[in-house]
Amino acid sequence: MNRKSKLLVLISVTVLLSVCTVFVLKADFIKKPAGIAFVLMACLAMCKSGPDGVLLLCWAGVASQAVDLAVNVAFARSVLNRRRRFHFVYRRDRDNAGDWASCPGRYYDFGNVVEHDIYSVRWKKIRRTDVVILGGGGLVDCIKEWNETVNRLFDVCDTVIGWSIGENREANGGGWSCPVKWERFTLLGRRDGEGERWLPCVSCKMPELSETNGEPSSGVGVIGHKDHPLEGAEITNAYPARRIIDYIGRHGRIRTNTYHGWYWAMLMGKQVDALADWSSKFRHLPQSDLAKAREMNDRFYERVLEVMK
């Protein structure tokens, strides 16, 4: 054996020992395709003599590692494809600050998330093994199509969770009937509920509420609904949430005909007059403070995670 051959064998043995060390540390390698490939090629190498046999054994280890890597990548992709996705269904209206701020996915980590507007749910993306979170906002009894969408969600997905959803039948909403099947929710928290069912709107998690809470304020502020004009309104719910919260912070008393105008002012400790008879969502307005509302939503998030287990 010449000098060049000896050097080649030395390098090959070094690489081989490294590969073997990896296999020894991975005790279950023989159960995998990579382990089987390694053993077969190693047996073939043993049948040969000289540097060629050592080289073949070395490359057997390298090839088996490549096979192992390819199998792991394919497995990881299949797991990702099978993993449960979270679907958030709510009113995705950027021109309504309350609706936009009411999605739990803005405040908690859910991993693989898909958002849907309740007006246009992408049904083909929802698998039966996924999780649908409906809310927040006044999604129930607002229009017949929304109630039909809620009930259809129960038929296409095994796990449907209601998070701070509420009733919202308008006075001129007509005489249609399509009751929501409340009993089919896997987990349910209602912003207009009572007892264990009561869950304040998740928009309480907005950091702006605590940043402005307690600031000196005076006078009366008026917040109107963009679709239901209120006399004297200086701002409406079409403004960004930050602007509305800053406005609330500058006043000692708030008059409003918007749900979230009332809700955020209440959380900030303001005196609030709810001037709205146009929707059923104002019939039941449970009182809370900011810390309690946030704690209740944190606990509900933990309950959602428990359901996933």
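How many nonpolar, polar and charged residues does the lining of the largest pocket have? We'll get there in a moment.

First, some ground rules. This is a predicted model, where local features need pLDDT of at least 70, side-chain atom pairs count only at pLDDT 80 or more, and totals for chains, interfaces and linings use all residues. Residues are numbered from 1 along each chain as its sequence is written, and side-chain values use heavy atoms, with hydrogens and water left out.

**Stop 1: the largest pocket**

Select Asn96, Asp99, Asn168, His225 and Lys281. Of the 29 lining residues, these are the closest to the centre of the largest pocket, which holds about 440 Å³ of space. On a 1 Å grid over the protein atoms alone, a pocket is an open set of points where a 1.4 Å probe fits, with protein on both sides within 12 Å along at least five of seven lines; lining residues have an atom within 4 Å of a point. The volume is the space filled by probe spheres set on those points.

Back to the opening question: the lining has 10 nonpolar, 11 polar and eight charged residues. Asp, Glu, Lys and Arg count as charged, while Ala, Val, Leu, Ile, Met, Phe, Trp, Tyr, Cys and Pro are nonpolar and the others, Gly among them, polar.

Now colour α4 (97–100), β4 (137–140) and α8, as each supplies at least two lining residues. The largest share, four residues, comes from α8. Helices (H or I, at least four residues) and strands (E, at least two) are DSSP runs, numbered from the N terminus.

**Stop 2: helix α8**

Stay with α8 and select residues 259–267. Nine of the nine are buried, so the helix is largely enclosed by the rest of the structure. Buried means under 20% relative accessible area with a 1.4 Å probe, protein chains only. Among the buried ones are Tyr259, Trp262 and Trp264. Next comes Gly269, which follows α8 and has a positive phi, near 80°.

**Stop 3: an open sheet**

Show β8, β7, β9 and β10: in that order they form an open sheet of four strands with parallel pairing. Two strands pair if DSSP finds at least two bridges between them. β8 (235–236) and β10 (271–274) are the edges, each with a single partner strand, so one side of each has no neighbour in the sheet. Zoom in on β9 (residues 253–256), joined to β10 by four bridges; there, Arg253 stands opposite Gln271.

**Stop 4: cysteines**

Finally, pick Cys201. This residue is buried, at a relative accessible area of 0%. The count of disulfides (cysteine sulfur pairs within 2.5 Å) is zero. For Cys201, the nearest cysteine sulfur is that of Cys204, 7.1 Å away.

Key
Buried means under 20% relative accessible area, exposed over 50%, partly exposed in between (1.4 Å probe, protein chains only).
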